[in-house]
Amino acid sequence: MFSRQRGLPAAAGGGRSEEGVCCVSDVVDSPTQGVPCALTSAVPSKTVDLFEMIEKMQGSRLDEQRCSLPAPLKTEEEYIPYPSIHEVLQKGWPYPLIILPQFGGYWIEGTSHNLSSLSPTLSDVPFPWSGKMKLESDPTAKLYRKHFLGKEHQNFYSSDMSLGYLVLSVKYEQIEKQENLRLLLRTRTGTKHDLIPISCLNEFPNAVQMAKLLCEDVNVERFFPVLYPKASQLIVAFDEHVISNNFKFGVIYQKPGQTTEEEVFSNTEESLGFLEFLEFLGDKIQLQDFRGFRGGLDVTRGQTGTESVYTNFQGKEIMFHVSTKLPFTEGDSQQLQRKRHIGNDIVAIIFQDESTPFVPDMIASNFLHAYVVVQLTHGTTGDTLYKVSVTARDDVPFFGPPLPNPAIFRKSAEFREFLLVKLINAEYSCYRAEKFAKLEERTRSALLESLFEELQLRSRSMMGLPVGEDDKIENGSGGFLENFKSFALPGRSPSRTRASRFHGRRSSAIGIENIQEEKRDTAERIQKVLDSPGTFFDRKSDGSSSPSSPEFPSRKSKHI
């Protein structure tokens with residue numbers, strides 16, 4: 001192509017020298033350079049052609065780099081909505097178990113329920129799971145108890161300008177003649193863990209270097225050693241605040257043709273199929289003086305009905321808020337006595353006797369994020385079968401175990417286990433949704449700050465260093481315990497401010513401002529941890545009634 005010599009010699013006056021102007025063709029074709037060209041009338045036009053060609057080349061390169069901008073986001077009015085529930089009903093039977101809201105916002109699992117694809121023999125209805133189904137959990141919550149508690153190790157604390165408060169645990173381990181460092185770093189966003197062979201390190205690291213091995217963003221000058229003898233019990237209490245062995249789920253009875261919240265919450269009669277399902281789900285218990293996990297129900301004054309459904313599954317206590325067993329109020333179309341509990345649950349079961357579509361936004365709630373719809377059907381021999389579909393908000397990650405195809409189960413112990421595992425995993429997954437994740441991070445950050453201050457003050461006290469009047473602590477209680485109380489007990493300011501994050505169509509009517517359930521036993525549990533290293537958390541409930549609401553400190557993000 002062209003020579004890279006673009007410039008032409010200029011005359012003293014700034015114009016082109018006649019001797020210095022050369023023909024482009026001669027510059028390119030001539031075997032020798034420096035031979036002047038004869039001026040002709042074609043020279044100016046050829047020079048212009050050169051610059052035009054260069055400009056075109058540069059323009060084409062710019063065009064190649066250009067990309068088409070995406071179309072502007074559509075407004076709600078411009079979307080083609082999904083069919084409304086009334087349009088679906090007009091099309092006639094059979095109806096899907098779940099239909100999406102007109103403008104989406106939810107995902108659905110389990111849309112195939114074709115009985116004809118199954119064998120007419122009930123025993124041939126497939127159940128693709130064998131063995132124990134996996135319950136989701138935070139893998140870092142019990143690492144300290146498993147690897148550090150009761151074993152020789154060191155704890156350190158520090159404060160980072162960007163990461164906030166840090167608590168580091170270090171333990172030397174020898175595994176199969178290999179020397180290792182087991183590290184556990186707690187930050188406000190999560191806990192990081194690793195097992196690092198010492199042979200991979202150039203030199204034995206200090207505490208700051210160990211923290212950087214887990215998180216490169218750590219930027220502190222030093223870590224301070226924890227010198228308080230009971231520090232391990234405070235740390236394990238912080239790590240395991242995400243663990244819960246208690247769950248509460250709503251159970252809503254939807255009769256054929258019911259399409260509104262008011263209709264489903266106004267049901268007072270229970271069909272034989274619904275009663276059979278409740279008996280299959282758990283044990284019917286009398287609420288008066290009930291000693292197990294009450295899930296916010298009143299067990300002393302009968303303000304939330306006289307009976308409920310409860311079960312203990314793999315060491316986890318589950319209380320079901322059954323819509324038909326909660327108090328019914330004449331003249332109240334919204335049935336707030338029922339909705340104050342179910343509307344503040346995270347996951348709910350929708351039970352259907354017959355084919356009737358359920359729409360997730362049918363129930364106005366800022367807390368309900370996932371639904372498991374169970375529809376009764378029967379095989380050719382008359383035995384009980386259940387169709388199942390699952391729906392959850394878009395920001396809720398998928399949770400297992402997955403539904404089969406078609407999503408039809410025979411009534412069996414395997415299906416009961418599947419259903420309970422699905423419900424528990426659904427709640428864990430819902431706490432990773434945006435609304436709950438923000439609340440969990442704020443709770444974790446406050447508890448970590450309190451833990452840091454407690455470790456700092458008690459370590460200074462052990463060294464005989466002066467402690468300010470405002471920072472003095474008494475044996476057996478302190479900042480961490482008090483801060484834990486403030487997030488667990490009603491009437492404290494943190495639980496008041498949390499309600500401002502949520503706004504909904506009728507959220508104020510169901511007591512959204514009471515986000516935290518009354519957990520007066522929480523302080524006792526933490527005190528037990530302080531008093532005895534081996535104590536594990538056991539939630540017990542007092543007898544009063546309170547709106548059942550999500551236990552925000554009991555959920556976490558996974559960081560390894």
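1. In the hairpin of strand 9 and strand 10, which has 2 residues between the strands, Q314 takes a positive phi near 50°. Helices (H or I, at least four residues) and strands (E, at least two) are DSSP runs, numbered from the N terminus. The model is predicted, so local features need pLDDT of at least 70 and side-chain atom pairs count only at pLDDT 80 or more, while totals for chains, interfaces and linings use all residues. Residues are numbered from 1 along each chain as its sequence is written, and side-chain values use heavy atoms, with hydrogens and water left out.

2. Strand 9 (residues 307–313) is joined to strand 10 by 5 bridges in the antiparallel sense, two strands being counted as paired if DSSP finds at least two bridges between them. Within this pairing, T311 has I318 of strand 10 as its bridge partner.

3. Strand 10 also pairs with strand 7 (residues 246–254), where the two run parallel and 6 bridges join them. Here V251 stands opposite V322 of strand 10.

4. How many residues of strand 10 (residues 316–322) are buried? The count is 7 of its 7 residues, where buried means under 20% relative accessible area, exposed over 50%, and partly exposed in between (1.4 Å probe, protein chains only). In a regular strand the side chains alternate between the two faces of the sheet. In strand 10 both faces are covered, with K316, I318, F320 and V322 buried on one side and E317, M319 and H321 buried on the other.

5. Rings of Phe, Tyr and Trp (its six-membered ring) pair if their centres lie within 6.5 Å, and planes under 30 degrees apart count as stacked, over 60 as edge-to-face and the rest as tilted. By this rule there are 25 aromatic pairs. One of them is the edge-to-face pair of F247 and Y428, at 5.8 Å centre to centre and with 70° between the planes. Because F247 lies in strand 7 and Y428 in helix 10 (residues 413–430), this pair ties together parts that are 181 residues apart in sequence. Both F247 and Y428 are buried.

6. The ring centres of F409 and F418 are 4.9 Å apart with their planes at 35°, so this pair is tilted. F409 is buried, with a relative accessible area of 0%, and F418 is buried too, with a value of 1%. Both belong to one aromatic cluster, whose members include Y253, F274 and Y386.

7. Helix 11 (residues 434–462) has 29 residues and reaches 42 Å from its first C-alpha to its last, close to the 42 Å expected at 1.5 Å a residue, the expected span being 1.5 Å times one less than the number of residues. After helix 11 comes G464, whose phi is positive, near 80°.
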